[in-house]
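Let's take a friendly walk through a protein model. Have a look at it first, then read on.

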Amino acid sequence: MPDCAHVINRSDGGTAKAWFFDLTSRSWAAAVFRSGEPDATVYQSGPRRLWDEVEAAHRWWAARGEPDHTRFGLTVTAEGQRAWLDDPADSWAV
(Lines give C-alpha, C1' and ligand atoms only; values in the text may rest on other atoms or scores of the structure.)
Protein backbone atom coordinates (compact mmCIF):
# COMPACT_ATOMS: atom_id res chain seq x y z
CA MET A 1 0.00 0.00 0.00
CA PRO A 2 1.99 2.97 -1.25
CA ASP A 3 2.20 6.13 0.85
CA CYS A 4 0.45 4.43 3.76
CA ALA A 5 1.61 4.27 7.36
CA HIS A 6 0.04 2.22 10.12
CA VAL A 7 0.12 1.78 13.86
CA ILE A 8 -1.46 -0.79 16.19
CA ASN A 9 -2.68 0.19 19.67
CA ARG A 10 -3.48 -2.54 22.20
CA SER A 11 -5.20 -1.96 25.52
CA ASP A 12 -5.12 -4.10 28.63
CA GLY A 13 -8.87 -4.66 28.23
CA GLY A 14 -8.51 -6.84 25.15
CA THR A 15 -9.25 -4.13 22.59
CA ALA A 16 -6.89 -3.43 19.70
CA LYS A 17 -7.07 -0.61 17.16
CA ALA A 18 -5.35 -0.67 13.79
CA TRP A 19 -4.85 2.78 12.26
CA PHE A 20 -3.86 3.45 8.64
CA PHE A 21 -2.90 6.91 7.35
CA ASP A 22 -2.20 8.38 3.93
CA LEU A 23 -0.84 11.84 4.61
CA THR A 24 -0.79 12.79 0.93
CA SER A 25 -4.56 12.46 0.51
CA ARG A 26 -5.51 12.94 4.18
CA SER A 27 -7.30 9.57 4.10
CA TRP A 28 -7.43 7.34 7.15
CA ALA A 29 -8.97 4.10 8.39
CA ALA A 30 -9.34 2.60 11.84
CA ALA A 31 -10.38 -0.93 12.72
CA VAL A 32 -11.40 -1.71 16.31
CA PHE A 33 -10.99 -5.34 17.39
CA ARG A 34 -12.63 -6.42 20.65
CA SER A 35 -11.61 -9.57 22.50
CA GLY A 36 -14.01 -12.42 21.89
CA GLU A 37 -15.75 -10.75 18.92
CA PRO A 38 -15.17 -12.23 15.46
CA ASP A 39 -15.62 -8.98 13.54
CA ALA A 40 -14.03 -5.56 13.81
CA THR A 41 -15.74 -2.21 13.59
CA VAL A 42 -14.19 -0.18 10.77
CA TYR A 43 -14.18 3.57 10.22
CA GLN A 44 -12.61 5.30 7.24
CA SER A 45 -12.59 8.70 5.64
CA GLY A 46 -11.06 10.48 2.68
CA PRO A 47 -10.81 9.87 -1.02
CA ARG A 48 -8.64 6.80 -0.60
CA ARG A 49 -10.51 3.84 0.92
CA LEU A 50 -7.60 2.48 2.96
CA TRP A 51 -9.44 -0.36 4.71
CA ASP A 52 -10.67 -1.62 1.35
CA GLU A 53 -7.03 -1.64 0.23
CA VAL A 54 -5.99 -3.51 3.40
CA GLU A 55 -8.60 -6.18 2.71
CA ALA A 56 -7.49 -6.50 -0.92
CA ALA A 57 -3.84 -6.83 0.13
CA HIS A 58 -4.78 -9.49 2.68
CA ARG A 59 -6.73 -11.47 0.04
CA TRP A 60 -3.70 -11.25 -2.31
CA TRP A 61 -1.37 -12.52 0.44
CA ALA A 62 -3.75 -15.34 1.47
CA ALA A 63 -4.22 -16.45 -2.15
CA ARG A 64 -0.47 -16.94 -2.40
CA GLY A 65 -0.30 -19.27 0.59
CA GLU A 66 0.36 -16.64 3.28
CA PRO A 67 4.08 -16.27 2.49
CA ASP A 68 6.36 -15.05 5.27
CA HIS A 69 8.54 -11.98 4.89
CA THR A 70 11.61 -13.98 3.84
CA ARG A 71 10.03 -14.71 0.45
CA PHE A 72 9.65 -11.04 -0.47
CA GLY A 73 12.32 -8.91 -2.07
CA LEU A 74 12.93 -5.39 -3.25
CA THR A 75 15.02 -4.34 -6.23
CA VAL A 76 16.20 -0.72 -6.32
CA THR A 77 17.67 0.77 -9.49
CA ALA A 78 18.14 4.25 -10.92
CA GLU A 79 14.80 3.75 -12.69
CA GLY A 80 12.88 3.04 -9.45
CA GLN A 81 11.91 0.37 -6.95
CA ARG A 82 10.20 -2.96 -7.63
CA ALA A 83 8.89 -5.44 -5.08
CA TRP A 84 8.60 -9.16 -5.73
CA LEU A 85 7.57 -12.49 -4.22
CA ASP A 86 9.92 -15.44 -4.81
CA ASP A 87 11.19 -14.26 -8.22
CA PRO A 88 12.54 -10.81 -9.15
CA ALA A 89 11.35 -11.41 -12.73
CA ASP A 90 7.74 -11.29 -11.46
CA SER A 91 7.74 -7.84 -9.83
CA TRP A 92 5.56 -4.76 -9.43
CA ALA A 93 6.33 -1.06 -9.01
CA VAL A 94 6.50 0.30 -5.48
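This is a predicted model: local features need pLDDT of at least 70, side-chain atom pairs count only at pLDDT 80 or more; totals for chains, interfaces and linings use all residues.

## Sorting the residues

Before we start, here's how residues get sorted: Ala, Val, Leu, Ile, Met, Phe, Trp, Tyr, Cys and Pro count as nonpolar, Asp, Glu, Lys and Arg as charged, and the others, Gly among them, as polar. With that rule, the lining of the largest pocket splits into 13 nonpolar residues, 1 polar and 1 charged.

The mean pLDDT of the protein is 94, and 100% of its residues reach 70 or more. Among the elements, strand S4 (residues 41-45) has the highest mean pLDDT, at 97. Strand S7 (residues 91-93) has the lowest, at 93.

## The largest pocket

How much space lies in the largest pocket? About 540 Å³. Its lining is made up of 15 residues, and Met-1, Ala-57, His-58, Trp-60 and Phe-72 lie nearest the centre. Helix H1 (50-63) and S7 are the elements that give two or more residues to this lining. H1 provides the largest share, with 7 residues.

## A closer look at Asp-22

Now over to strand S2 (residues 15-22), where you'll find Asp-22. Is Asp-22 buried or exposed? Its relative accessible area is 3%, so Asp-22 counts as buried, the cut-off being under 20%.

Which residues does Asp-22 touch, leaving aside its neighbours within four places in sequence? Asp-22 is in contact with Asp-3, Ser-27, Arg-48 and Leu-50.

Notes. Residues are numbered from 1 along each chain as its sequence is written. Side-chain values use heavy atoms; hydrogens and water are left out. pLDDT is the predictor's confidence in each residue, from 0 to 100. Helices (H or I, at least four residues) and strands (E, at least two) are DSSP runs, numbered from the N terminus. On a 1 Å grid over the protein atoms alone, a cavity is a set of points where a 1.4 Å probe fits but cannot get out, and a pocket is an open set with protein on both sides within 12 Å along at least five of seven lines; lining residues have an atom within 4 Å of a point. Grid points are joined across faces, edges and corners, and a volume is the space filled by probe spheres set on the points. Buried means under 20% relative accessible area, exposed over 50%, partly exposed in between (1.4 Å probe, protein chains only). Contact means heavy atoms within 4.5 Å.
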